[in-house]
Amino acid sequence: MSTASREIEADTLGGLMLASARGEPMVMELAGILGPDVFHFPEHRAVWLAVERLAKAGEPHDGVQVADALRDACE
């Protein structure tokens, strides 16, 4: 997979986290389109799963919350 694909995946996840930070969560609207299987890179798949888990719980899923969730999952 090309570098552009890595960038597209990262940009997609970053956009979702920024939207949450602005109070405009979009994850649930995209859940039918996006899923962990569309992310080629394991680190992006892990971020998607953290974002999705937080969104389903009604929690903010901005960059700080996602980083905390990923850190907690590694402990």
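## Basis of the values

Local features in this predicted model need pLDDT of at least 70, side-chain atom pairs count only at pLDDT 80 or more, and totals for chains, interfaces and linings use all residues. Residues are numbered from 1 along each chain as its sequence is written, and side-chain values use heavy atoms, with hydrogens and water left out.

Six salt bridges are present, each being a side-chain nitrogen of Lys or Arg within 4 Å of a carboxyl oxygen of Asp or Glu. One of them joins Glu-43 to Arg-6, with the closest N and O atoms 2.5 Å apart; because Glu-43 lies in helix H3 (residues 42–56) and Arg-6 in helix H1, this pair ties together parts that are 37 residues apart in sequence. Helices here are DSSP runs of H or I with at least four residues, numbered from the N terminus.

Arg-6 also lies over the face of Phe-41, at 3.7 Å from the ring centre, where the criterion is CZ of Arg, or NZ of Lys, within 6 Å of the ring centre and within 35 degrees of the ring normal.

In helix H4, Asp-68 and Arg-71 are three residues apart, about one turn of the helix, and their side chains meet in a salt bridge at 3.0 Å, N to O. Arg-71 also meets Glu-75 in a salt bridge, at 4.0 Å. Through shared partners, salt bridges join Asp-68, Arg-71, Asp-72 and Glu-75 into one network.

Notes: Helix = DSSP H or I, 4+ residues; strand = E, 2+ residues; numbered from the N terminus.
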